[in-house]
Amino acid sequence: MLPDHSPVPACPACLCEQRHPWHRKNGYDVVECERCGFRYVSELPSDEFLRAHYRSSYCQSDGTFQPKGGLLRRLKYRAFAVWFKRAILRHRESAADAVRILELGCGQGDLLKAFSGDASVRVTGMDYAAGPIGHLRERGFDAHLGGLDEAPVGPESLDGIVMLHVLEHVRDPGAVIAHAARLLKRGGLLYVVCPCSGHIKARIAGDRWKYLGPPDHLWYFTPRSMRTMAARMGFDVLRSSNLYHRAHVTLVAKKL
Ligand SMILES: [Zn+2]
């Protein structure tokens, strides 16, 4: 038993209690659900531990924050912003004045910056990392320290929620997905990217897989377990796949 840790009694994706060992890493046992194949840590660090763990993320050794730049990075986020706005407009049921988007785990704010020239979109960023949030707030972005349940947005007020490499870090991914469902309007879109433990690269690497690393990564999704969790929390899953060269699972789901 690790200090200040609590056991995970059942699979967070499908609630099945039957599981068998998958890997052991950094003192954590990672188990595999016998029903849906979800891989997850059997012992969970406390919320206080995780908040302290991520508070200084993105900062240099002297504690200062310097955002990463680069044209390719900006183009990648701009392309995603254009695609995500189009997808939202295609699916949303009521035409409102502005498209309202929230990014959980906004980091240095690449997505907030990608949308900043578009007056028809309002984006809110949330993150546990103090450096990037301070940097964004000084520049007038709507960015806040904290998790999804601390976001200054009302129920059924959002058209889209984005989580890029976030869900594998949070303490309760099912609760985060369920809260996302409460914040989205009917027809609103959830977009999630996580490491995919069912990818051929993960299978070949075994316990040397680069994404296998509690307590940073607590949950190891596959397209199937991601689909199972999102459907259970009230989403129509439009896509849950890992058809890319990188070992990631991508979820696109619509709030029912
Ligand atoms: Zn399961």
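Biologist: Hi! How many residues sit between β2 and β3 in their hairpin?

Modeller: There are 2 residues between them, and N26 in the turn has a positive phi of about 55°. This is a predicted model, where local features need pLDDT of at least 70, side-chain atom pairs count only at pLDDT 80 or more, and totals for chains, interfaces and linings use all residues. Residues are numbered from 1 along each chain as its sequence is written.

Biologist: What counts as a strand, and when do two pair?

Modeller: Strands (E, at least two residues) are DSSP runs numbered from the N terminus, as are helices (H or I, at least four). Two strands pair if DSSP finds at least two bridges between them.

Biologist: In which sense do β2 and β3 pair?

Modeller: Antiparallel, over 6 bridges. R19 stands opposite C33 in β3.

Biologist: How many residues of β3 are buried?

Modeller: 5 of its 6 residues (28-33) are buried, meaning 20 or more other C-beta atoms, placed from the backbone, lie within 10 Å of a residue's own.

Biologist: And which residue in β4 is the bridge partner of E32?

Modeller: That is R39. β3 and β4 run antiparallel, joined by 3 bridges. Their hairpin has 5 residues between the strands, and G37 there takes a positive phi near 85°.

Biologist: New topic: what is the strand order in the open sheet of 7 strands?

Modeller: The order is β8-β7-β6-β9-β10-β13-β12, with mixed pairing. β8 (143-145) and β12 (235-241) are the edge strands, each pairing on one side only.

Biologist: How many bridges join β12 to β13?

Modeller: 6, and the two strands run antiparallel. S240 stands opposite L251 in β13.

Note on methods:
A residue is buried if 20 or more other C-beta atoms lie within 10 Å of its own, exposed if 12 or fewer, and partly exposed in between; C-beta atoms are placed from the backbone.
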